[in-house]
Amino acid sequence: MNYPTKGVSNSADVTEPEVELDSPVSETLFTENREVLLEFYVKDNMAQELECSVIANDKVLETAEFENNTLGSFYIDYLEDGIYYWNVECDDGSNTNKASEDWTINISAPDNPILKAIGNKVASE
């Protein structure tokens with residue numbers, strides 16, 4: 001028999017955090033702008049705070065601390081047009097885990113207008 005916790009203290013954390021993606025749902029299309037709020041739930045058996053990272057196309061975009069058993073979010077407004085596979089990975093100080101599957105978002109939004117000062121102009125009618 002194999003005893004995976006043999007020799008491990010009773011107070012040791014051997015349970016991975018639970019991460020569940022919330023929104024935007026997979027295959028959401030963004031056509032108005034590139035502002036995306038990626039939301040997720042994180043729950044752990046022991047940690048008060050967890051360090052979580054949002055990952056898109058295998059690249060860590062941002063990392064922040066989140067309280068246990070809460071809805072967390074990352075506001076991302078700098079992605080170019082394209083299809084992104086995203087997930088969230090959280091660490092409780094002992095174990096790391098991410099949501100069971102990646103979700104996709106598709107960004108196909110117009111560029112924001114670039115406004116420039118035109119200076120003092122006089123117009124006569």
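Predicted model: local features only at pLDDT ≥ 70, side-chain atom pairs only at ≥ 80, totals over all residues.
Residues are numbered from 1 along each chain as its sequence is written, and side-chain values use heavy atoms, with hydrogens and water left out.

The structure contains 1 salt bridge, a term denoting a side-chain nitrogen of Lys or Arg within 4 Å of a carboxyl oxygen of Asp or Glu. This contact joins the side chains of Asp81 and Arg34 at 3.0 Å, N to O. Strands (E, at least two residues) are DSSP runs numbered from the N terminus. Arg34 is buried, with a relative accessible area of 16%, while Asp81 is partly exposed at 39% (buried, under 20%; exposed, over 50%; partly exposed, in between; 1.4 Å probe, protein chains only).

Strand β7 takes part in several pairings, a pairing requiring at least two DSSP bridges between two strands. With β4 (residues 49-56), β7 pairs in the antiparallel sense over 6 bridges, and Glu51 has Asp91 of β7 as its bridge partner. The pairing of β7 with β9 (residues 103-107) is likewise antiparallel, over 5 bridges; here Tyr84 stands opposite Ile105. Strand β8 (residues 96-98) pairs with β7 over 3 bridges, also in the antiparallel sense, with Lys98 opposite Glu89. Together β7 and β8 form a hairpin with 4 residues between them, and Gly93 in the turn has a positive phi of about 100°.
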